[in-house]
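This report describes the fold of a single protein chain for a reader who is new to structural work. The sequence and the model are shown first, and the description follows.

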Amino acid sequence: MKQSADPLVPAADAPRHATDDPHVFLIPTDGLPAGFAERLETDFTPVAPRLAATAVLLRDGELGPEVLLLRRHARSGFAAGAWVFPGGVVDEGESPEAAAIRETWEETGIEVSGDLLLIARWITPEPEPRRFDACFFLARVPPEVQMQLSEAEVTDACWLLLEDAVRRFREGKMKMLPPTVHTLQRLGGRGSVEQVWEALRNAPVPTILPRMRRHPEGVAIEIPPGE
């Protein structure tokens, strides 16, 4: 009989470490919930993912494009303590675009226009007991934009150069999930927000489902090659 995923403790709160391969991340054994690694080698029924939406906010800084990252509460039910983009679950009858705009306003007080660019869909790996099918939207905001953080949802926020954000993750200074890191890497290497936008405006929109597998040091999270 296939076992249910519901009683399992999620691994989303455990820190991810960078590896030599930018498409592979590692959750060390000491950060895994009990029984999670063993589950990967059993026959289980994945939980259906909930539709979600995320807004990747970019502004032009003195040295290049800057991205807004928010730090989730340590008591959050998913990715506690991680640095993330604004976003959340899509409400019934709501479009992903509207959800991205609403969540951004609720979490940061920033009003995003309807000018959003869908750049990817990320689906939580199948072994996780809480799964999301998240639309990632690129949004441009002016350099002088002001924030009013929701203390109920986030504890901190910062604007960082894309490359600096990736470096802080790789150095273990900022906890992030693979979709965040991969998106930062994908957007980097360009001199302005307009250049980022134009590079992705007509690009294919990938649907990315990372795979989890056992690793001698814990669990590896693999993003399909080419994504």
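Two residues are in contact when heavy atoms of each lie within 4.5 Å. The model described here is predicted.

## Overall form

The chain contains five helices and 12 strands. Along its principal axes, the C-alpha trace spans about 55 × 40 × 35 Å. A compact globule of 227 residues would have a radius of gyration near 17 Å, and the value for the chain, 17 Å, agrees with this.

Of the 227 residues, 51% count as buried. Among contacts between residues at least 6 apart in sequence, 69% join residues that are at least 24 apart.

## Threonine 54 in strand β3

Threonine 54 has its place in strand β3. Is this residue buried or exposed? Threonine 54 has a relative accessible area of 11%, and therefore it is buried, the cut-off for burial being under 20%.

When neighbours within four places in sequence are left aside, threonine 54 is in contact with Phe85, Pro86, Gly87, Ala100, Cys135, Phe136 and Phe137. Valine 84 lies 30 residues from threonine 54 in sequence, and their C-alpha atoms are 9.1 Å apart in space.

## The largest pocket

The largest pocket has a volume of about 720 Å³. Its lining consists of 34 residues, and those nearest the centre are Arg72, Phe78, Ala79, Phe132 and Leu177. By type, the lining residues divide into 21 nonpolar, six polar and seven charged.

Which elements each supply at least two residues of this lining? They are the strands β3 (50-61), β6 (87-89), β7 (116-123) and β8 (132-140), together with the helices α2 (96-108) and α4 (178-187).

## Helix α4

Helix α4, one of the elements that supply the pocket lining, is mostly covered, with eight of its 10 residues buried. These buried residues are Pro178, Pro179, Thr180, Val181, His182, Thr183, Leu184 and Leu187. Glycine 189 follows α4 and has a positive phi, near 85°.

## Cysteines

A disulfide is a covalent bond between the sulfur atoms of two cysteines. In this model, a pair of cysteine sulfur atoms must lie within 2.5 Å to be counted, and the count comes to zero disulfides.

Cysteine 135, which is among the contacts of threonine 54, counts as buried because its relative accessibility is 7%. Cysteine 158 is also buried, with a relative accessible area of 18%.

Methionine 212 is placed in strand β11, which covers residues 211-215. Its relative accessible area is 9%, so methionine 212 is buried. Residues up to four places away in sequence not being counted, methionine 212 touches Arg16, Ile27, Phe36, Leu40, Pro125, Pro127, Glu128, Val219, Ala220 and Ile221. Isoleucine 223 is 11 residues from methionine 212 along the chain, and the C-alpha atoms of the two are separated by 9.2 Å.

Valine 9 lies in the segment before β1 (17-18). Apart from neighbours within four places in sequence, valine 9 is in contact with Pro33, Phe36 and Pro129. Between the C-alpha atoms of valine 9 and glutamate 198, which are 189 residues apart along the chain, the separation is 41 Å.

Methods
Residues numbered from 1 in each chain as written. Predicted model: local features only at pLDDT ≥ 70, side-chain atom pairs only at ≥ 80, totals over all residues. Heavy atoms only, no water. 1 Å grid on protein atoms, 1.4 Å probe; cavity = no way out; pocket = protein on both sides within 12 Å on 5 of 7 lines; lining within 4 Å. Points joined across faces, edges and corners; volume = space filled by probe spheres on them. Helix = DSSP H or I, 4+ residues; strand = E, 2+ residues; numbered from the N terminus. Nonpolar A, V, L, I, M, F, W, Y, C, P; charged D, E, K, R; others polar. Buried < 20%, exposed > 50% of the residue type's maximum accessible area, 1.4 Å probe, protein only. Rg over C-alpha atoms; globule rule 2.2 N^0.38 Å.
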